[in-house]
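Please examine the sequence and the model shown below. The paragraphs that follow lead through selected side-chain interactions, a surface patch and some backbone features.

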Amino acid sequence: MSSIRDPLADHLITPQNAALILIDYQAEQFADVRSMDPDLLLKNIVSTVKLAKLFDVPIVHSTVNVATGRNGPTVPELAELLEDAPPIDRTTLNAWEDADFLDAVRATGRRKLILCALWTEICMAFPALDALREGYEAYPVVDAIAGTSVEAHRAGLERVTQAGGKPISWVSLACELQRDWAREETVAGVVEIVLTERLLKE
C-alpha cells in the first residue's frame, strides 16, 4: 500500500481538508435551469452529496427565502440525504453575506470549499468570489450546478476560474476523495455511488 500524504496539507481535495457547500437546490431554482437537463442535474447533485456523506466531509446546506414564503424547501431527493445538515435559510442572493451561513462555513475549519449551487452565475459565483478573496479555495462541481442559460453557466464558471477557482466534476471528486483503491473502507461505497447507481446504468 502506498503511503498516505498529509491529508490536511495535501494540495488536492481530501476528506479531511474540504467541506461541501450546498446552496439553493429548491424547486424554483430547478425550474429555471437551462444549461443542462434538470433530471441529470438532480442525479449529479444527489451523487455528490452521497459522496460527501460517505467520506464524512462536512456539509453546509443553505436555502433562500423559505421563511419568507417565497420559495419552497430543498427538493425532497436531497432533503432526505441532508437530515444531518439542516438548511440555513437566508434572504441574501450571495450566501457569503449571510452571517449564519458564514459562521457555519468557518466552523467547519476547512479551507477547500466544494461548491454546489443554483444558479451557477449567481448563487455559486458570488460566494465563490468572496471565499477566494478571503483565502479559501473554491471547487465548483461543474456538472452538479447549472445556470439560467448555457452562456450564463459558462460565464459564472469563467468568472470564478479567472479569480482562482478550480472546476471539478462529480466523478473526479469521487476519485480525488478515494485516491487509492487500497483504502478499502470506502471502496464499496464509491463503486455503488459512481458505477452501480450511475455510470453503468446510463
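**Aromatic cluster and its surroundings**

With a relative accessibility of 6%, Tyr136 counts as buried, where buried denotes under 20% relative accessible area, exposed over 50%, and partly exposed the range in between (1.4 Å probe, protein chains only). The model is a predicted one, in which local features need pLDDT of at least 70 and side-chain atom pairs count only at pLDDT 80 or more, while totals for chains, interfaces and linings use all residues. Residues are numbered from 1 along each chain as its sequence is written, and side-chain values use heavy atoms, with hydrogens and water left out.

Aromatic pairs are taken here as rings of Phe, Tyr and Trp (its six-membered ring) whose centres lie within 6.5 Å; planes under 30 degrees apart count as stacked, over 60 as edge-to-face and the rest as tilted. By this rule the structure has three aromatic pairs. Trp96 and Phe101 are both buried. The ring centres of Trp96 and Tyr136 are 5.5 Å apart and their planes stand at 80 degrees, so this pair is also edge-to-face. Trp96 belongs to the loop between β3 (88–90) and α4 (99–108), and Tyr136 to the loop between α5 (120–133) and β5 (137–140), so the pair ties together parts that are 40 residues apart in sequence. These elements are DSSP runs numbered from the N terminus, with helices (H or I) of at least four residues and strands (E) of at least two. The relative accessibility of Trp96 is 6%, a value that counts as buried. Through ring pairs, Trp96, Phe101 and Tyr136 are linked into a cluster.

A polar residue comes next. Asn44 is found in helix α2 (residues 38–54) and is buried, its relative accessible area being 3%. Its side chain makes a polar contact with the side chain of Arg198 at 2.8 Å; such a contact is a pair of N or O atoms within 3.5 Å, where within protein one must be able to donate a hydrogen and the other to accept it, and residues adjacent in sequence count only if both atoms are side-chain atoms. A polar atom of the Asn44 side chain also lies 2.7 Å from the backbone oxygen of Asp143. Leaving aside neighbours within four places in sequence, Asn44 is in contact (heavy atoms within 4.5 Å) with Met36, Asp143, Ala144, Trp170 and Arg198.

Charged side chains provide further links. Side chains of opposite charge can pair when their charged atoms come close. A search of the whole structure finds seven salt bridges, each defined as a side-chain nitrogen of Lys or Arg within 4 Å of a carboxyl oxygen of Asp or Glu. Asp10 forms one with Arg5, the closest N and O atoms being 3.0 Å apart. Asp10 is buried at 7% relative accessibility, whereas Arg5 is partly exposed at 45%. Asp10 also forms a salt bridge with Arg179, again with the closest N and O atoms 3.0 Å apart. This pair links distant parts of the chain, as Asp10 lies in the segment before β1 (18–23) and Arg179 in the loop between α7 and α8, 169 residues apart. Lys50 is partly exposed, with a relative accessible area of 26%, and Glu197 is partly exposed at 26%.

On the surface, Trp181, Val191, Leu195, Leu199 and Leu200 form a nonpolar patch with about 490 Å² of accessible area together. Trp181 sits in the loop between α7 (170–178) and α8 (187–199) and counts as exposed at 54% relative accessibility. Patches are made of residues with over 30% relative accessible area and no salt bridge, like charges being joined within 9 Å and nonpolar side chains (Val, Leu, Ile, Met, Phe, Trp, Tyr) within 5 Å. The areas come from the Shrake-Rupley method with a 1.4 Å probe, and for residues only the protein chains shown count as cover.

Some backbone features remain. The peptide bond from Leu118 to Trp119 is cis, with omega near 5 degrees, and Trp119 is found in the loop between β4 (112–117) and α5. Asp56, a residue other than glycine, has a positive phi near 55 degrees; Asp56 is placed in the loop between α2 and β2 (59–64) and is exposed at 64% relative accessibility. Asn65 likewise is not a glycine, yet has a positive phi of about 60 degrees. Asn65 lies in the loop between β2 and α3 (76–79) and is buried at 13% relative accessibility.
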